[in-house]
Amino acid sequence: MVPVFAACALLSLAPLLVLAAVLDVPPIWTQPEQVHLSYPGVPGSMEVTWTTFNKTDSRVEYGLLGGPIFEMTAKGEATLFVDSGLEKRKLYIHRVTLTRLKPASTYVYHCGSDGGWSDVFSFTALNDSTSFSPRFALFGDMGNENPQSLARLQKETQLGMYDVILHIGDFAYDMHEDNARIGDEFMRQIQSIAAYVPYMTCPGNHEATYNFSNYRNRFSMPGQTESLWYSWNLGMAHIISLSTEVYFYLEFGTELLFKQYEWLKKDLEEANKPENRAVRPWIITMGHRPMYCSNDDQDDCTKFDSYVRLGRNDTKPPAPGLEDLFYNNGVDLELWAHEHSYERLWPVYGDKVYNGSKEQPYVNPKAPVHIITGSAGCREKHDSFNPNPKDWTAFHSSDYGYTRMQVVNATHVYLEQVSDDQYGKVIDSIWVVKGKHGFSAWF
């Protein structure tokens, strides 16, 4: 028999127990998060992407800095992304494209719906003039754990030092982990950069799980290839982003490998038309796995018969590599990551050095210039170097850090490497100077 005082205690708790049962439902997730910008490739435009965990409308309210703060509204759509992990978590990825922006003007914006609005952010619309000298920060291989360079990049972005960020593959380590929660947290981490300047990307090997689904769904790059490859113009540069991973994950099929190669051929052919090359003489590529590197980890770039450089003979038909294609089309600068280090190469083609001259190797170089910048910081730490590197290596460092680049004008590009280990010290820098561009520049 239950004592009277115990029965009374149970009765007094009954409303709370009923309330707990009623409240035992998942929370409502309509608050925007993971806000990031990208450039759609059309002058006067900017794309805003964000995430909610319940379906809501997709709106951006914005206005010119100094004017009525939210005088304009743009609407978009949300796409349901179901992660392939065991929990099959649902994410709603919202995309809104802003158009008719005034070049070089600063806008204030927030995104969301009546279910919740983001913080207020700002961005400067990209200048579509060919006299514009854009400033980039570029890096790859930044993780949720040990993102060594992140704080410095956050501060420098907010100081207005960059017009665009190039993240050259490998995000979060890895976005799919913990049923994509690691991806969520990484996207929150970069919001303090990516909500202010376009955050342009390419896929790396750490995005491969579930056929790159987290990468393909979370980012919003130009074109119709789910951000796998695309090109865009800024200032005097034509910039090409590509997937090196199509050479390695053949379990997803070889169709993308050949489709990308044919697209690259056509894109480079178009960029090399005299009227186009005259306006945008610099052709710059970015892809995750490099053709060359001096690391001692047996990666593809350590081998003479690199898949990225020379292609694969075990596919039907054989898959062509990228080195001849880029060389024959006069690609000026090739940006890579993957190795958790920094390396600058002498101008190189066919495993041989082609400096402009002994005294000035980067003045009118006779082959493309390669930069490897994969030391932003991740849980896999550093990659070490071969003690006996080949002749084409000019400088390398294992310091955590990132690269700055400015396309100054038709003849000059400046690059420098920042060491986060040395408190922001510039540890390497070069000017690439070219009096002419294109295949004929090699001779």
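A residue is called buried when its relative accessible area is under 20%. Cys202, with a relative accessible area of 0%, is therefore buried. The model is predicted, and the mean pLDDT of its protein chain is 94.

**Cysteines**

- The structure holds 1 disulfide, formed by Cys293 and Cys301 with their sulfur atoms 2.1 Å apart.
- The torsion about the S-S bond of Cys293 and Cys301 is about 75°, so this disulfide is right-handed.
- Both Cys293 and Cys301 are buried.
- Cys202 takes part in no disulfide, and the nearest cysteine sulfur, that of Cys301, is 14 Å away.
- For Cys378, the closest cysteine sulfur is also in Cys301, at 15 Å, which is too far for a bond.
- Cys378 counts as buried because its relative accessibility is 1%.

**Nonpolar cores**

- The largest nonpolar core has 57 residues, and those with the most contacts inside it are Phe136, Leu166, Tyr199, Trp232, Leu335 and Met405.
- Helix α3 (residues 177-194) supplies the largest share of this core, 5 residues.
- A second, separate core of 29 residues includes Met291, Cys301, Phe326 and Trp336.
- Leaving aside residues up to four places away in sequence, Tyr199 touches a set of residues that includes Leu37, Phe139, His167, Phe186, Ile190 and Met221.

**Strands β1 and β2**

- In strand β1 (residues 33-38), 6 of the 6 residues are buried, so the strand is largely enclosed by the rest of the structure.
- Strands β1 and β2 run antiparallel and are joined by 4 bridges.
- Leu37 has Val48 in β2 as its bridge partner.

**Thr52**

- Thr52 belongs to strand β2 (residues 46-52) and counts as buried at 1% relative accessibility.
- The side chain of Thr52 makes a polar contact with the side chain of His94 at 2.7 Å.
- A polar atom of the Thr52 side chain also lies 2.7 Å from the backbone oxygen of Asn54.
- Beyond four places in sequence, the residues that Thr52 touches include Trp29, Gln31, Pro32, Leu91 and Tyr92.

**Model confidence**

- In the protein chain, 95% of the residues reach a pLDDT of 70 or more.
- Residues 4-11 have a pLDDT below 50, and this stretch has 1 contact in the model beyond near neighbours in sequence.

Key:
Residues are numbered from 1 along each chain as its sequence is written. This is a predicted model: local features need pLDDT of at least 70, side-chain atom pairs count only at pLDDT 80 or more; totals for chains, interfaces and linings use all residues. Side-chain values use heavy atoms; hydrogens and water are left out. A nonpolar core is a set of buried Ala, Val, Leu, Ile, Met, Phe, Trp, Tyr and Cys residues joined through side-chain atoms within 4.5 Å. Buried means under 20% relative accessible area, exposed over 50%, partly exposed in between (1.4 Å probe, protein chains only). Helices (H or I, at least four residues) and strands (E, at least two) are DSSP runs, numbered from the N terminus. Contact means heavy atoms within 4.5 Å. pLDDT is the predictor's confidence in each residue, from 0 to 100. A polar contact is a pair of N or O atoms within 3.5 Å; within protein, one must be able to donate a hydrogen and the other to accept it, and residues adjacent in sequence count only if both atoms are side-chain atoms. Two strands pair if DSSP finds at least two bridges between them. A disulfide is a pair of cysteine sulfur atoms within 2.5 Å.
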